[in-house]
Amino acid sequence: MDGTTQWINALVDYGVIGLLAALSVVTVGIGLERGVFYRQINVFSYVDKKELELHLNRRLHVLASIAGNAPYLGLLGTVLGIMLTFYNMGLSATLDTGKIMTGLALALKATAVGLLVALVAVTLYNTLLNHVRELMLRWEIGRGK
């Protein structure tokens, strides 16, 4: 492996997949924090509906952003991995189909990780949004509005 190959390989493995791993930790952290907050909140302590809504929706936009962008980050990693495979094919004097297929398969790991992170983020976002709707309805029913 030459310097360019090692750089692209490290970018895919540590850059893209590392970023996706960090985003998955952020996703789970926000999900847990919001879940605990929703269980402990007393919606009737809020007088203003908009203030309650602000507190309930805090950080949900981060989950939506992660859900929307994680597949693209994974795709970026896959494109870089495929570029690396083609680069290595160009350097090689012979075409070894085993190496080519292995390189392409490994390139797809970034897309798989991106999709996994996005699925978790979308699921958490929808679950938490449902909790927000329920809590808002409880507040409205309790206030007679």
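The largest pocket is lined by 20 residues, and Leu84, Thr85, Asn88, Lys99 and Gly103 lie nearest its centre. This is a predicted model, in which local features need pLDDT of at least 70, side-chain atom pairs count only at pLDDT 80 or more, and totals for chains, interfaces and linings use all residues. Residues are numbered from 1 along each chain as its sequence is written, and side-chain values use heavy atoms, with hydrogens and water left out.

**Pockets**

- A pocket is an open set of points on a 1 Å grid over the protein atoms alone, where a 1.4 Å probe fits, with protein on both sides within 12 Å along at least five of seven lines; lining residues have an atom within 4 Å of a point.
- The largest pocket has a volume of about 470 Å³; a volume is the space filled by probe spheres set on the points.
- Helix 1, helix 3 (60-91) and helix 4 (97-107) each supply at least two residues of this lining. Helices here are DSSP runs (H or I, at least four residues), numbered from the N terminus.
- Helix 4 gives the largest share of that lining, six residues.
- By class, the lining of the largest pocket has eight nonpolar, eight polar and four charged residues. Ala, Val, Leu, Ile, Met, Phe, Trp, Tyr, Cys and Pro count as nonpolar, Asp, Glu, Lys and Arg as charged, and the others, Gly among them, as polar.
- The second largest pocket has a volume of about 170 Å³.
- Its lining includes Gly31, Tyr38, His131 and Arg138. Helix 1 and helix 5 are the elements that give two or more residues to this lining.
- Five nonpolar, four polar and three charged residues make up the lining of the second largest pocket.

**Salt bridges**

- Side chains of opposite charge can pair when their charged atoms come close.
- The whole structure has four salt bridges. Each is a side-chain nitrogen of Lys or Arg within 4 Å of a carboxyl oxygen of Asp or Glu.
- Lysine 49 and glutamate 140 meet in a salt bridge (2.5 Å, N to O). Lysine 49 lies in helix 2 and glutamate 140 in helix 5, so the pair ties together parts that are 91 residues apart in sequence.
- Lysine 50 and glutamate 53 also form a salt bridge (3.9 Å, N to O). They are three residues apart in helix 2, so about one helical turn separates them.
- Arginine 34 pairs with glutamate 33 (2.8 Å, N to O). Arginine 34 is buried, at 1% relative accessible area, whereas glutamate 33 is partly exposed, at 28%. Buried means under 20%, exposed over 50%, and partly exposed in between (1.4 Å probe, protein chains only).
- Glu33, Arg34 and Arg59 are linked in a network of salt bridges.

**Arginine 59**

- Arginine 59 sits in the loop between helix 2 (49-57) and helix 3.
- Its phi is near 70°, a positive value in a residue other than glycine.
- Arginine 59 is partly exposed, with a relative accessible area of 32%.

**Nonpolar surface patch**

- Val28, Leu32, Leu116 and Val120 make a nonpolar surface patch of about 360 Å². Areas come from the Shrake-Rupley method with a 1.4 Å probe; for residues, only the protein chains shown count as cover.
- Patch residues have over 30% relative accessible area and no salt bridge, and nonpolar side chains (Val, Leu, Ile, Met, Phe, Trp, Tyr) are joined within 5 Å.
- Helix 1 (3-40) and helix 5 (109-143) each supply at least two residues of the patch.
- Leucine 116 is in helix 5 and is exposed, with a relative accessible area of 54%.

Methods: Patches are made of residues with over 30% relative accessible area and no salt bridge: like charges are joined within 9 Å, nonpolar side chains (Val, Leu, Ile, Met, Phe, Trp, Tyr) within 5 Å.
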